[in-house]
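The exercises below concern one protein chain and are to be worked with the sequence and the structure in view. Each task is followed by a solution in steps.

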Amino acid sequence: MQPRNAYDYTEAGRSVSAQNTVLRKTYGLLGLSFIPAAAGAFTAMSTGLSIYSFVGNRWIALAVFFAFFYGMSFLIEKNRYSNVGAALLMVLTFGLGFTLGPILNYSLALSNGIELVGIAAVMTAAVFLTMAALAKTSAIQTSSLARFVTIGFVVAIIAMVAGFFVQVPALALTVSALFVLVSSALIMLQVRMVIEGGEDSHISAALTLFVAIYNIFSSLLNILLSFAGED
């Protein structure tokens with residue numbers, strides 16, 4: 001019989017073990033998702049195709065992008081505990097990689113393009129590793145961080161759409177910087193939620209982390225092209 005003042009750590013140990021398993025599977029699936037993303041980017045770069053080339057209108061292209069992204073995200077979440085969800089995640093990452101084709105082709109056409117793409121990739125990796133590490137070591141109020149991320153993305157998306165009406169370089173840079181900031185916070189939030197047991201699906205967690213990394217990389221590359229690109 002257990003003494004009254006003794007604490008049963010069995011359930012706590014099981015909980016920590018389960019959370020570590022989810023986090024490990026999340027990182028594994030996240031790493032795997034870069035394969036179709038790279039294939040999508042290569043396909044777009046080698047063929048010169050883009051969403052715009054299919055529809056011929058930037059507004060329709062934007063609508064198609066959002067429909068694809070949110071539609072696939074919805075389906076992934078509906079299958080967040082099955083292999084179907086993992087397969088759908090690979091389809092989504094291929095599509096997102098495909099959308100990077102035009103900016104990568106533009107970047108690599110510059111004399112310093114390879115360096116800019118490399119710097120953006122290294123900076124993205126550094127941000128991810130830093131935020132993931134901070135999520136494990138820092139005391140974070142996930143509710144406050146979640147509100148910041150939600151509000152930040154709403155503002156960023158509104159500003160991005162506004163940028164289609166007003167072609168102002170300063171606004172585009174502001175949007176890119178905002179996406180970097182909010183997506184960095186999203187990485188910390190998602191990793192923390194897994195650690196605390198608030199997220200028990202490695203598929204959902206990998207989806208969130210991939211989207212954050214995609215936003216950071218594309219935004220950093222836009223910023224670097226603005227400051228270091230050629231006219």
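**Exercise 1.** Determine how the lining of the second largest pocket divides into nonpolar, polar and charged residues.

*Solution.* The model is a predicted one.
Step 1. The lining of this pocket holds 14 nonpolar residues, two polar residues and no charged residue.
Step 2. In total, 16 residues line the pocket, and the space within it comes to about 340 Å³.
Step 3. Nearest the pocket centre lie Phe-34, Ala-37, Leu-100, Ile-213 and Phe-217.

**Exercise 2.** Identify which helix gives the most residues to the lining of the second largest pocket.

*Solution.* Step 1. At least two lining residues come from each of helix H1 (10-47), helix H4 (83-99), helix H6 (113-137) and helix H9 (202-228).
Step 2. Among the contributors, H6 gives the most, with five residues.

**Exercise 3.** Describe the nonpolar patch on the surface that includes Phe-54.

*Solution.* Step 1. The patch is formed by Leu-49, Phe-54, Val-55, Ile-60 and Val-64.
Step 2. Together these residues have about 410 Å² of accessible area.
Step 3. Helix H2 (51-55) and helix H3 (58-78) each provide at least two of the patch residues; Phe-54 lies in H2.

**Exercise 4.** State the helix content of residues 27-52 and of residues 58-76.

*Solution.* Step 1. The unreviewed UniProt entry lists both spans under "transmembrane region", among others such as 83-104 and 203-228.
Step 2. Residues 27-52 are 88% helix and 0% strand, with end C-alpha atoms 33 Å apart.
Step 3. Residues 58-76 are 100% helix and 0% strand, and their end C-alpha atoms are separated by 27 Å.

How values were computed. Residues numbered from 1 in each chain as written. Predicted model: local features only at pLDDT ≥ 70, side-chain atom pairs only at ≥ 80, totals over all residues. Heavy atoms only, no water. UniProt positions renumbered as here; feature names shortened; annotations may be inferred. Helix = DSSP H or I, 4+ residues; strand = E, 2+ residues; numbered from the N terminus. 1 Å grid on protein atoms, 1.4 Å probe; cavity = no way out; pocket = protein on both sides within 12 Å on 5 of 7 lines; lining within 4 Å. Points joined across faces, edges and corners; volume = space filled by probe spheres on them. Nonpolar A, V, L, I, M, F, W, Y, C, P; charged D, E, K, R; others polar. Patch = residues over 30% accessible without salt bridge, like charges linked within 9 Å, V, L, I, M, F, W, Y side chains within 5 Å. Areas by Shrake-Rupley, 256 points an atom, 1.4 Å probe, with all protein chains shown as cover. Salt bridge = Lys/Arg side-chain N within 4 Å of Asp/Glu carboxyl O.
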